[in-house]
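Hello,

Here is the structure we talked about. My notes follow below it.

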Amino acid sequence: RVCVGSWRRPHWCGGDEMLILAPMVTSVLIASAGWGHRKNLGDAGEFFGENEMVRRSLLGSGDLTALKAGSSTHFALYILIPFISAVVGYVTNVVALKMTFYPLEFTPAVLKFAQPVGQPFGLLGGWQGIIPAKAGKMAAILCDLMTTKLLDVKVMFGKIHPEKFAEALAPEMTPSMHRIIEDVARREAPEFWEGLPSYVQAELVKEAMVGAPEFLKNVIEDLQNHVYEVLDLKAMVVKLCEANKGDVVRMFQEVGESEFRIIENSGAYFGFAFGVVQMVVFYVVDVLASSYSRPLLPVFGFITGYLTNWVALKLIFRPIHPTKILCGAMTIQGAFLKRQDQVSEKFAKLNQELFCNAKNLWEEMMHGRLKGEFGELVMRNTRRFTDTTLGAAKPAAILVLGPVAYHRMREHIAEQLVRELPKCVPCSYQYQDVALEVEETVCVAMKKLPPDEFEQVLHPVFEEDEIKLIVIGGCLGALVGLAQYVLVFSS
């Protein structure tokens, strides 16, 4: 499908195509049944005479008599068709949703080697839920949406007050720094250090610790200025989603809970409506040309399963913008889009709880792809802290220790602080989660998104693979239709 200024991959189940395809398929089926019946009306099985084309009536007087006489099959069995069709519509939609989310891992595991990368199916059979199979890809899409439309990471970290951060971290960081300074002094200048009275040692360490809060402030200010150099948010979200597929499933299920309920229930409503048409057509063909009625129930079962899934998905996301119908008497819009405010609140809450929180952000900086850059950020502030702490005594320290030993001491302090940081920083997570305001920021920005951008929060879950879900629904419907014919009408 080509749009002005953009290009989108055409879908087999696109709206315009389906509006044409659905009635065409139905018409072909009815016309085929009609053709078979007309053929039965011809002498010697022929529809056209030898000398000229003579069109025969589809329903002659004999046909009307046969319809009035009715079928030898009890009419109650025909009445069952719409109700069975409603069950088919409901069950196929429920199954399609279950297959969207489960199983979390490819099943059976022995066939996983034949699963194409990023696909829910296996070439030799088997299935993995669409969302778990594409967790990384979907996480990347949502992260792009979040960082371009909802959240500025640098602004987010800018909300941390250096003084409050230092205060929150002090209970854990201060004892660690105290221990590090003592250990390094004892290692680099053992004779000098051990020769000092204990109270002098304590006083020197205490004097050094005066600059600890300033050091922590400098670290967070440096982080705020260079956050994009030490934090890969997209890599973090993708890694978390791939490692915690259950959390991804939970997020989509809770965000789209109302819409998924619509999908399930609409299957029954539309299945019943399609079943009424199916009942009428099947009854007429069964009475007038019973030999042609055999494939109708499986075919109609496929159509019911196919169309109920397709219609349900369209109800969720179409139309994107509020659209007036019936001369302006009614306004319709996709169910998901109508709930933008409620969805925004739920999405923002779960996003912070499961993904974009202080714990995950710091874990990514300390252990993720850019951990080397983050370590260097901490170390350069530690070197500055060491020089500042010594102050005027720095030349004397270099004279006593020697420039090589002094440099080595400074590096040891920096390296040990980098190693100690993962043990200390968790005590500040509670403060940071409040200060970062991730939930509030995402919620407000999400509520302001135009409908066509807001749609991309949930629609990517279905968009790429919705044809698979629709066809699966059709196949399940065909199986039920076949069973219905064998068990009820074959005799």
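Gln 278 sits in helix H14 (residues 257–288); helices here are DSSP runs of H or I of at least four residues, numbered from the N terminus. Gln 278 is buried, with a relative accessible area of 3% (buried means under 20%, with a 1.4 Å probe and protein chains only). Leaving aside residues up to four places away in sequence, Gln 278 touches Ile 81, Ser 85, Leu 297, Phe 300, Thr 304 and Gln 484 (contact means heavy atoms within 4.5 Å).

A caution on the source: this is a predicted model, where local features need pLDDT of at least 70 and side-chain atom pairs count only at pLDDT 80 or more, while totals for chains, interfaces and linings use all residues. Residues are numbered from 1 along each chain as its sequence is written, and side-chain values use heavy atoms, without hydrogens and water.

Next, the cores. The largest nonpolar core has 100 residues (a nonpolar core is a set of buried Ala, Val, Leu, Ile, Met, Phe, Trp, Tyr and Cys residues joined through side-chain atoms within 4.5 Å). Phe 157, Met 173, Trp 362 and Val 442 have the most contacts inside it. Another core lies apart from it, with 13 residues, including Tyr 78 and Val 287.

Last, a helix pair. The axes of H17 (residues 340–354) and H23 (residues 438–447) come within 8 Å and cross at roughly 150 degrees (axes are lines fitted to C-alpha atoms over the stretch in contact, and angles run from 0 to 180 degrees between N-to-C directions). H17 and H23 are therefore roughly antiparallel (angles over 145 degrees). Val 442 of H23 is among the residues that meet H17.

Best wishes

Technical notes:
Buried < 20%, exposed > 50% of the residue type's maximum accessible area, 1.4 Å probe, protein only. Helix = DSSP H or I, 4+ residues; strand = E, 2+ residues; numbered from the N terminus. Parallel < 35°, antiparallel > 145°, perpendicular 65-115°, else oblique.
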